[in-house]
Amino acid sequence: MQLFITYFVKILDNMKKRILFSLLLIALTLTSIYAQKNYTLSGYVKSNDNGEGLIGVTVFVEKLKTGGATNSYGFYSVTVPAGKYNIVYNSIGYEKKTFEIDLNSNITKNIELKSTTQNIGNVVVTGEKADANIKDAEMSVVKLTPKEIKMLPVMFGEQDILKTIQLMPGVKSAGEGNTGFYVRGGSADQNLIVLDEAPVYNASHLMGFFSVFNSDAVKDMKLYKGNAPAQYGGRLSSVLDVQMNEGNSKRLGVSGGIGIIASRLTIEAPIVKDRASFIVSGRRTYADMFLVFANNEAAKKSTLYFYDFNVKANAKLTERDKLFVSAYFGRDIFNFNEMMGFDWGNQTGTVRLNHLFGNKLFLNTSLIYSKYDYDLGMSFGDMAINIGSGIEDINMKEDFSYYLNPKNTIKFGFNTIYHTFRPGEFKLDNPAGEGTSVSQILNPKTALESAAYAGHEFEISDNFSINYGLRYANFTILGPDSVYSYNEQQEILDTTVFGKRDIIQSYANFEPRLTLNFILNDRNSIKASYARNSQSIHLLSNATSGTPMDLWIPSSKMVKPEVSDQFAIGFFKNFKENTYETSIEIYYKDLKNQIDYRPGADIMLNKNVEAELVFGTGRAYGVELFIKKRTGKLTGWIGYTLSKTERTFEDIDDGAWYPAKQDRTHDVSIVAMYNITQKLNVSATWVYYTGNAVTFPSGKYEIEGVVAPIYTSRNGYRMPDYHRMDLGITYTNKKRKRFESSWNLSAYNVYSRKNAYSISFRADENNPEKMNAIKLSLFRIIPSLTFNFKF
């Protein structure tokens with residue numbers, strides 16, 4: 001690892017020279033452009049089936065052996081010298097189209113690509129070049145489509161984006177059946193998850209066993225493992241960008257599925273054919289419906305379910321303007337016999353306007369709303385207790401893309417987020433039986449998070465390309481609020497009161513991003529990257545795995561923004577006409593201003609919660625191996641991660657380095673999908689990983705008859721290693737006119753391993769002097785059956 005760090009230092013020493021060289025070439029390119037007569041070919045590429053914009057379609061100019069690709073809205077722009085050219089539009093899963101174009105003026109050409117019927121392992125990777133992993137100046141990226149995700153066996157038959165990305169190297173599950181994930185040693189809150197640009201603060205249902213993403217409503221997803229382009233920011237470890245379907249602008253379409261634990265239904269249709277459309281998608285579990293058959297009366301009166309509701313509409317206002325409006329509503333509802341109620345959920349809304357200035361400049365303006373909250377209620381006779389907390393955002397963004405020429409794309413923009421944090425509310429009704437109430441409301445906190453960025457994708461030569469950018473991030477904490485200072489015993493020394501709109505504290509960070517791609521030949525490339533990220537909002541949770549009652553807090557005078565610097569280098573190689581894709585990546589991440597808790601910390605409804613925190617540094621490093629078979633009857637991948645994640649805090653273990661709870665030495669995933677016939681395919685996954693680092697008592701002591709545990713080092717023990725196999729089989733029924741259907745049978749944990757979910761300790765009943773470790777295992781084998789349909 002020392003050699004690895006030394007190598008990166010050398011890269012950084014040469015980076016200034018490379019950037020100066022790149023700027024010189026940019027100037028020469030601009031001079032060349034304006035010395036020639038150039039014209040622009042631009043437009044939108046859509047699917048012939050449903051009219052949705054296609055992402056990443058290559059637009060190739062054969063004579064010049066250059067071109068471009070469509071953006072996330074299906075727009076492309078290619079500027080070349082005047083002349084006659086064959087223009088090829090190509091995307092895996094769609095029929096290739098070639099047009100001869102006499103480019104003697106700026107031309108707008110919108111086209112539609114027809115979906116192919118060829119079988120590519122039953123996986124259609126729309127909008128992805130076969131050699132994208134070699135040619136593109138990006139690394140540490142995971143791309144998956146819903147069609148890939150739907151083939152994999154999962155728990156209860158509910159297809160899940162978040163569980164699927166956990167099968168990729170560098171991405172680790174937060175625990176048994178959990179949708180929470182860790183990326184390259186970061187904690188779960190260091191992942192930015194966005195749905196149509198709106199942040200999703202809690203992406204889990206049923207305490208983490210399901211994600212909020214209904215696969216029927218998802219169009220595309222992309223995960224950046226720490227070195228995202230400059231337009232992304234606000235988290236240290238990763239960005240998961242999820243986009244919803246736009247809605248069928250050609251015809252009415254209905255799809256859905258009926259499963260053992262949940263059902264879903266999606267309806268999409270044109271509002272005005274080829275100009276405006278909508279999609280509505282819903283999902284609900286119905287485990288509570290079976291409670292009426294329970295023998296226990298309390299259980300019969302209980303409810304337990306979650307729901308998701310997605311809606312989106314789009315309209316072509318003019319030839320240069322498109323409007324998109326989307327929203328998501330999801331909530332978990334749990335009530336036990338009118339004695340206890342607990343509900344939590346997310347709400348998001350996005351309004352986006354696309355506008356074209358000429359043929360080269362594309363603008364996306366977004367107004368975004370996001371909210372997460374929870375409410376817990378309990379009744380004890382005449383008394384009632386209510387506890388709640390949440391976070392709410394209003395966000396405005398402007399994103400520009402300037403397609404200078406096929407070798408140069410410049411992106412720039414800015415955004416501003418107004419955060420409102422509701423740290424906690426407590427209300428006790430009728431405590432003395434006199435109709436009175438007692439309440440405690442922690443002061444809401446507000447903050448303004450702003451950023452401006454610029455990035456440049458530059459193909460310097462056929463064998464060398466660069467993607468670099470700079471992001472400026474500012475976080476300002478606003479009044480009204482009371483700010484406390486503490487002594488070493490966490491006692492309040494002083495209080496400073498700030499009025500409304502007063503600036504309490506402001507932080508600024510410059511975040512450079514850089515990715516270099518050295519293409520050795522058509523099948524091999526070497527890539528290197530560096531990225532700095534900062535994070536100014538933080539999730540407090542002292543549970544082993546995340547819960548809906550975790551608390552989001554902003555940075556403050558005492559809590560500084562977290563900062564990470566990540567270096568990565570990788571070798572990428574394809575075999576047999578890109579049938580096999582392989583890569584090896586090495587990364588090192590340096591973490592500053594990390595947060596942990598003092599022993600015995602109490603974070604719920606604590607106005608002095610900052611006094612419970614300690615601050616330190618961290619590091620994470622590792623190697624990721626990836627092998628993927630893309631086409632043929634047998635497809636799938638193998639991923640392996642060898643890694644180390646550590647933290648150090650002056651107030652914990654005398655400043656010694658200790659493993660973070662997400663530290664896992666080994667992480668292996670094997671995924672296979674096989675087409676037996678065109679109608680029948682099988683799939684299997686196998687995962688193995690080293691147990692999480694945990695803190696267990698190393699002894700005990702007794703004071704006046706009370707036994708208390710003794711804890712030594714933080715995270716000094718390990719949970720047992722985890723492994724599991726899942727199997728699935730899908731049978732596609734014969735298509736009847738427009739009606740399509742299939743059956744999916746899957747089994748989770750087929751060899752019924754008792755993996756440890758948690759380990760607790762209690763005194764032996766026969767020998768109180770002896771402590772027994774009690775392992776809790778959640779799931780043995782879980783079969784599921786789902787009927788899917790579409791017409």
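User: Where does Asn133 sit, and is it buried or exposed?
Analyst: In this predicted model, Asn133 lies in helix H2, which covers residues 132–135, and with a relative accessibility of 13% Asn133 counts as buried.

User: What does the side chain of Asn133 make a polar contact with?
Analyst: The partner is the side chain of Asn574, at 2.8 Å.

User: Switching to Asp726, which strand is it in, and what does its side chain reach?
Analyst: Asp726 belongs to strand E47, residues 722–732, and its side chain reaches the backbone nitrogen of Asn749 at 2.8 Å. Asp726 counts as buried, because its relative accessibility is 2%. Not counting residues up to four places away in sequence, Asp726 touches Pro153, Ser683, Ala684, Thr685, Ala747, Tyr748, Asn749 and Val750.

User: And Leu591, buried or exposed?
Analyst: Leu591, found in strand E37 (residues 580–597), is buried, with a relative accessible area of 0%. Beyond its neighbours within four places in sequence, Leu591 is in contact with Leu236, Val563, Ser564, Thr617, Gly618, Arg619 and Arg647.

User: What about Lys500, where is that one?
Analyst: Lys500 is placed in the loop between strand E31 (492–498) and strand E32 (503–521), and Lys500 counts as exposed because its relative accessibility is 60%.

User: Which residues does Lys500 touch, apart from those up to four places away in sequence?
Analyst: Lys500 touches Gly479 and Pro480. For Pro480, the C-alpha to C-alpha separation from Lys500 is 4.3 Å in space, although the two are 20 residues apart in sequence.

User: Now the sheets: what is the strand order in the open sheet of five strands?
Analyst: The order is E9-E16-E17-E12-E13, with mixed pairing. Strand E9 (141–144) and strand E13 (198–199) stand at the edges with a single partner strand each, so one side of each has no neighbour in the sheet.

User: How do E16 and E17 pair?
Analyst: Strand E16 (residues 218–224) and strand E17 (residues 238–244) pair in the antiparallel sense over six bridges, and within that pairing Asp220 has Gln243 in E17 as its bridge partner.

User: Which residue does Lys219 form a salt bridge with?
Analyst: Lys219 forms a salt bridge with Glu246, where the closest N and O atoms are 3.1 Å apart. Because Lys219 lies in strand E16 and Glu246 in the loop between E17 and strand E18 (253–258), the pair ties together parts that are 27 residues apart in sequence. Lys219 counts as buried at 15% relative accessibility, and Glu246 is buried with a relative accessible area of 5%.

User: How many salt bridges are in the whole structure?
Analyst: A search of the whole structure finds 37 salt bridges. Among them is Asp663 with Lys644, whose closest N and O atoms are 3.9 Å apart. This pair links distant parts of the chain, since Asp663 is in the loop between strand E40 (658–659) and strand E41 (666–675) while Lys644 is in strand E39 (residues 634–649), 19 residues apart. Asp663 is buried, with a relative accessible area of 0%, whereas Lys644 is partly exposed at 27%.

User: What about strand E35, which of its residues are buried?
Analyst: In strand E35 (residues 551–554), Leu551 and Ile553 on one side and Trp552 and Pro554 on the other are all buried, which leaves both faces of the strand covered. E35 pairs with strand E34 (residues 537–540) in the antiparallel sense over four bridges, and Ile537 stands opposite Pro554.

User: Last one, which residues form the nonpolar patch on the surface?
Analyst: The patch is formed by Val325, Val351, Leu367, Ile394, Met396, Phe414, Tyr418 and Leu448, with about 640 Å² of accessible area together. Strand E25 (383–405) and strand E26 (408–429) each supply at least two residues of the patch. Met396, for its part, is found in strand E25 and is partly exposed, with a relative accessible area of 32%.

Technical notes: Residues are numbered from 1 along each chain as its sequence is written. This is a predicted model: local features need pLDDT of at least 70, side-chain atom pairs count only at pLDDT 80 or more; totals for chains, interfaces and linings use all residues. Side-chain values use heavy atoms; hydrogens and water are left out. Buried means under 20% relative accessible area, exposed over 50%, partly exposed in between (1.4 Å probe, protein chains only). Contact means heavy atoms within 4.5 Å. Patches are made of residues with over 30% relative accessible area and no salt bridge: like charges are joined within 9 Å, nonpolar side chains (Val, Leu, Ile, Met, Phe, Trp, Tyr) within 5 Å. Accessible areas come from the Shrake-Rupley method with a 1.4 Å probe; for residues, only the protein chains shown count as cover. A salt bridge is a side-chain nitrogen of Lys or Arg within 4 Å of a carboxyl oxygen of Asp or Glu. Two strands pair if DSSP finds at least two bridges between them. A polar contact is a pair of N or O atoms within 3.5 Å; within protein, one must be able to donate a hydrogen and the other to accept it, and residues adjacent in sequence count only if both atoms are side-chain atoms.
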